[in-house]
Amino acid sequence: MSTTMSLQFTDDQITRLEREGQRVGRSPSDIAAQWVEEALRVAEFPRIEFRDSAGGREVYLRGTRLKVWHLRRYTDFNDDDIPRVAAEF
């Protein structure tokens, strides 16, 4: 489900959203919604960050080159032994 919300942006912010939308082939509204979602995830999980990659936006463990999905897969291979995985990283 989605809900429409009215927000006020400065002219400069609109210009920058339009520029980013043109760069990636998406609407300024889609870009703004994506960035809000990413900001909410970072607020919930402060040790992650989003980065552009050849495959699109990906989530990394902040300050590393480790993608979160790689870390999750490694955890799966280690029977979800979180303390063990944490010790290795």
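These are my notebook entries on a predicted model of a protein.

**Ground rules.** I number residues from 1 along each chain as its sequence is written. The model is predicted, so local features need pLDDT of at least 70 and side-chain atom pairs count only at pLDDT 80 or more, while totals for chains, interfaces and linings use all residues; side-chain values use heavy atoms, with hydrogens and water left out.

**Layout.** I went through the elements from the N terminus on and got α-α-β-β-α-α. That makes four helices and two strands (DSSP runs numbered from the N terminus: H or I with at least four residues for helices, E with at least two for strands).

**Overall form.** I put a box along the principal axes, and the C-alpha atoms fill roughly 50 × 25 × 25 Å. The radius of gyration is 17 Å, whereas a compact globule of 89 residues would be near 12 Å (taken over C-alpha atoms; the globule rule is 2.2 Å times the number of residues to the power 0.38). I then looked up contacts (heavy atoms within 4.5 Å). Of those with a separation of 6 or more, 2% link residues 24 or more positions apart.

**Surface.** The accessible surface is about 7,300 Å², and carbon and sulfur atoms hold 54% of that (Shrake-Rupley method, 1.4 Å probe; for residues, only the protein chains shown count as cover). Buried residues are 19% of the 89 (buried is under 20% relative accessible area, exposed over 50%, partly exposed in between; 1.4 Å probe, protein chains only).

**Glu 49.** Where does Glu 49 sit? I found Glu 49 in strand β1, residues 48-53. Glu 49 counts as buried because its relative accessibility is 18%. Its side chain makes polar contacts with the side chains of Arg 51 (2.4 Å) and Arg 62 (3.3 Å). A polar contact here is a pair of N or O atoms within 3.5 Å; within protein, one must be able to donate a hydrogen and the other to accept it, and residues adjacent in sequence count only if both atoms are side-chain atoms. Setting aside neighbours within four places in sequence, I list Glu 58, Val 59, Tyr 60, Arg 62 and Gly 63 as in contact with Glu 49.

**Asp 79 and Asp 80.** I checked the loop between α3 (68-77) and α4 (82-88), where Asp 79 has its place; Asp 80 is found in the loop between α3 and α4 too. Asp 79 has a positive phi near 55 degrees, though it is not glycine. Asp 80, also not a glycine, has a positive phi of about 55 degrees. Asp 79 is exposed at 69% relative accessible area, and Asp 80 is partly exposed at 43%.
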